[in-house]
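Work through the exercises below with the sequence and the model side by side. Try each task before reading its solution.

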Amino acid sequence: MERSSTSHPLITLEPRQLAAALEAQGKLLRVRREVDPRFELSAVIDAVQKGPNLPVLFERVKGTRFPVLSNVLGNYDLVAAMIGADSASLARRWATLMDENPAEFTKTFGNEQGDYEEIELLELPQIVFAEKDGGPYITAGIIAVRDPSTGIQNLSYHRSQIISNNELRCRLGTSGDLFRIQQAAEKRGEDLKVTMLIGVPPAVMLAGATSYGPDVSELDIAARLAGGRFALRRIESAKVDVPLASNFVIEGEILSGIRRPEGPYGDWLQYYVPVADNHVLKVNRVLARKGAIFYANFGGSTEEISTSGVPISGGIYRAIRAWVPTVRDVCCYPATQFCVVQMDKQFDGQPRKAMLAAFGAEMERVLYCVVVDEDVNIHDPRDVIWAISTRCRPDRDIFQIPEVPSASRDAHQSYWGRLGIDATKPLEWRDEFERRTVPDSATLDLDGYIN
């Protein structure tokens, strides 16, 4: 693909090229021993994320010939570098890229097939992530669908339980575009033709986790992130265009009027979602590029938080900037429900404007918003807790917004309401809140002191 000089080449690479490039930079971990896809693979991912937190490639997975790559987006610094930023300017950089005009970027290369071979669904890695999961799941599958009412193509993630060679059971969030499009097809009595992609460039992975409304195609968002045009191929069955670099393409249809039991599944909240009747995706054909690498995203892990949290942070930054121009950075970490805003406070009450803008920008996940000053590292939860502990007066600087729904599937209303915390310095005593510093501590070489 064509790419601008401001984006990092890693963001455009498909898994085989990406793994090689990461390894050349010393940023890839290889697992050469055979691992069991039932629990062992996810246990290794969990340990990696708690330790070096680098991308990891499993060369040999029991029961499949396909290697498995994971955690490419689990490291904030690596994600930031991919879009031409550092961790302290990631949200600002994201917002800038989203403001660029993508019209010139997307490009279709007709019905070009690439080096694909047809396989069976059960040849894919059958990964069971958590102890009580109902079976193997595809967790990084991005479903591509075209909205017949607008002609705009949508990309979105949907967990999919593998049932057989020709059946997946998918959870469609009721607030998403795919659910809306499927419901319209169902009212017409039609099955919905879709295509699922697995193993795509990081720009497409991030775009699939982004939502900017039904009038914006996630392919255009991917092109904005990459700064160039993707080579696409047409999938005639669903009338969608998909990146030619996609390692796996699953063609099928979401059946009209049919729901079957799916789950349980340990989801992004790290709780088990109980068995429920969900949509059925009938699989008609599975294509794999020769030498393909499968991609897995551990639900609720550091990678899922980053994959969702980075687009959410960028969207919140854009919304706050319209009302609080002195906003510096936004971060949704260590959970996407927890948003921290860094700003240069100019007047009392300004942090509350930032919080309200943040809550309005993200209505699904963000439940808590903390606003801090420019001297607080919002990417370090310890520093954020320190700011709350020393700069927030609980009886004055914390406010609730009751009865606001959140996650689309929340039968018990456990995640309703919002909480805002102003952890900024009082302007009238600002000088008394100067943080202490220790000269030379940042540059001191400890090895010269300890034997």
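**Exercise 1: a glutamate and its neighbours**

Task: list which residues glutamate 262 touches, not counting residues up to four places away in sequence.

Solution. Take contact as heavy atoms within 4.5 Å. Glutamate 262 then touches Tyr137, Arg159, Gln161, Arg169, Arg171, Pro274, Val275, Ala276 and Asn278. Helices (H or I, at least four residues) and strands (E, at least two) are DSSP runs, numbered from the N terminus. Last, check burial. Glutamate 262 has 1% relative accessibility, so it counts as buried (under 20% relative accessible area; exposed is over 50%, partly exposed in between; 1.4 Å probe, protein chains only).

Ground rules: the model is predicted, so local features need pLDDT of at least 70 and side-chain atom pairs pLDDT 80 or more, while totals for chains, interfaces and linings use all residues. Residues are numbered from 1 along each chain as its sequence is written, and side-chain values use heavy atoms, leaving out hydrogens and water.

**Exercise 2: helix 1**

Task: find which residues of helix 1 (residues 15-24) are buried.

Solution. The buried residues are Pro15, Leu18, Ala19, Ala21 and Leu22. They cover an arc of only 170° around the axis, so they lie on the same side of helix 1 (directions run from the helix axis to the C-beta atoms). Their packing partners are strand 2 (56-61), strand 3 (68-70), helix 3 (76-82) and helix 6 (202-208). Now take the ends. Glutamate 14 caps the N-terminal end, with a side-chain oxygen 3.0 Å from the backbone nitrogen of arginine 16. After helix 1 comes glycine 26, with a positive phi near 70°.

**Exercise 3: aromatic pairs**

Task: state how many aromatic pairs the structure holds, then classify the pair of phenylalanine 129 and phenylalanine 298.

Solution. There are five aromatic pairs. Rings of Phe, Tyr and Trp (its six-membered ring) pair if their centres lie within 6.5 Å; planes under 30 degrees apart count as stacked, over 60 as edge-to-face and the rest as tilted. Phenylalanine 129 and phenylalanine 298 are 5.7 Å centre to centre, with 25° between the planes: stacked. Phenylalanine 129 lies in the loop between strand 5 (116-119) and strand 6 (137-138), and phenylalanine 298 in the loop between strand 18 (294-295) and helix 8 (302-321), so the pair ties together parts 169 residues apart in sequence. Tyrosine 137 and tyrosine 265 have ring centres 4.5 Å apart and planes at 40°, so this pair is tilted.

How values were computed: A polar contact is a pair of N or O atoms within 3.5 Å; within protein, one must be able to donate a hydrogen and the other to accept it, and residues adjacent in sequence count only if both atoms are side-chain atoms.
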